[in-house]
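Hi,

Here is the model I promised to pass on. Have a look at it first, and my notes come after.

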Amino acid sequence: MDRPDQLDHPDRRKKNQVTQGTGPSGTKPSGTEPLGVAVVGAGYWGPNLVRNFQASDRFRLRWLCDLDVDRAQRVLGGYSTVQATADYAAVLADPTVDAIAVATPAGTHLDIALAALRAGKHVLVEKPLAATYADGLRLVTEAEERGLTLMCDHTYCYTPAVGRIRELVRSGELGEIHFVDSVRINLGLVQKDIDVMWDLAPHDLSILDFILPDNVEPVAVAAHGADPIGAGQACVAYLTLQLNTGAIAHVHVNWLSPTKVRTTMVGGAKRTLIWDDLNPAQRVAIFDRGVDLAAPQEIGDDERRDMLISYRSGDMVAPAIGEKEALRSMVDEFGDAIRERRAPLTDGRAGLRVLDILEAASRSLEFKGAVVGLRAGH
Ligand SMILES: NC(=O)c1ccc[n+]([C@@H]2O[C@H](COP(=O)([O-])OP(=O)(O)OC[C@H]3O[C@@H](n4cnc5c(N)ncnc54)[C@H](O)[C@@H]3O)[C@@H](O)[C@H]2O)c1
């Protein structure tokens, strides 16, 4: 398991400029009073949503719902006016609830989120959006037909570091992207129901989706994995993604590593950046270093090609990056998207694109690393 900690608000450009309509349930997207919200799931992650909804002036937390009502009550404490319940139907019937945040296991996301949308509530779903692409598509379709906001909590996209990386990549400061290399390894909690790819790679894949320019996207994936401890599912996995530009992206996720590593390298034609999430003093470093090759038409033979390779060895710059809790920015974005009737930065379709890659990677694992094409036009 992995959690992003800090972050600033990234810019507000998004892949899908979908305009949201008004919800049918008397929601108040353009009013000024806080939106009523209920969190479903009071396990490991739900309390983080509870804390951030309570801290946000855009929301008023009304309910915390969990099958284990005692757990929900413990999370809220003895003096809270927020109601703890195991009765989800009561939450959905409450007209003061405008939005539902789902922090239950992935296999339950479809039923809980679909019921919320059908009750006219805006929905925030924890990553991954759903257990399958087909389930995720049902949620996206339902939300779009009803004009409701559907957001996926791709938390890392709301860290100040990833916001800055997105700006650097999309503004062209790094030049055309040549490669992305992402490593997320540590002694992880071996999950019962999902493999290491479905547990950890949603973070890397959602970051990739978020930072790449609109015209650059993965088109195929090949995955290799291993279960050396006999856990019943892959505990170590390597995903290789082909991008439509000919560039390559690689993701290494691992539950068995004795040391924790969280680094992403984004190599561009002009500059290369390295993000080390475990180094708060210098999370992002931008290197004006790389290899240049003269244009192909200027190249005669192989010998001449060797001579035309040159190495740039310029400065390294570490930009100042603010500190703000990612989940706080994520929660604020959810509120703003509802009010402004626009798609959130990490909308349901962003969640779908991640599910598409995860499913293709699972198929690739079954077929020993075969290259599997991705769907187009999410
Ligand atoms: N964004 C992140 O960085 C991040 C980090 C960790 C987990 N997550 C996600 O959060 C979600 C929850 O993960 P977790 O680790 O907190 O799980 P968990 O098992 O610790 O907690 C899940 C809780 O949901 C409750 N629950 C299950 N089904 C329910 C239902 N139908 N109605 C009401 N309550 C129900 C359980 O009783 C439990 O308390 C997952 O989707 C996970 O991927 C996201």
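Below are my notes on confidence and on the ligand site.

This is a predicted model, so local features need pLDDT of at least 70 and side-chain atom pairs count only at pLDDT 80 or more, while totals for chains, interfaces and linings use all residues. Residues are numbered from 1 along each chain as its sequence is written, and side-chain values use heavy atoms, with hydrogens and water left out.

On confidence: the protein has a mean pLDDT (the predictor's confidence in each residue, from 0 to 100) of 90, with 88% of its residues at 70 or more. Residues 5-14 fall below 50, yet that stretch has 50 contacts (heavy atoms within 4.5 Å) beyond near neighbours in sequence in the model. Residues 16-27 also stay under 50, with 32 contacts beyond four places in sequence. Where pLDDT is low, the predicted coordinates should not be read in detail.

- Lys-127: a backbone N or O atom is 2.7 Å from a ligand oxygen.
- His-109: a polar side-chain atom is 3.2 Å from a ligand oxygen.
- Leu-67: a polar backbone atom is 3.3 Å from a ligand nitrogen.

On its own the ligand has 850 Å² of accessible area (Shrake-Rupley, 1.4 Å probe), and the protein covers 82% of that.

Cheers

How values were computed. Polar contact = N/O pair within 3.5 Å; in protein donor to acceptor, adjacent residues only side chain to side chain.
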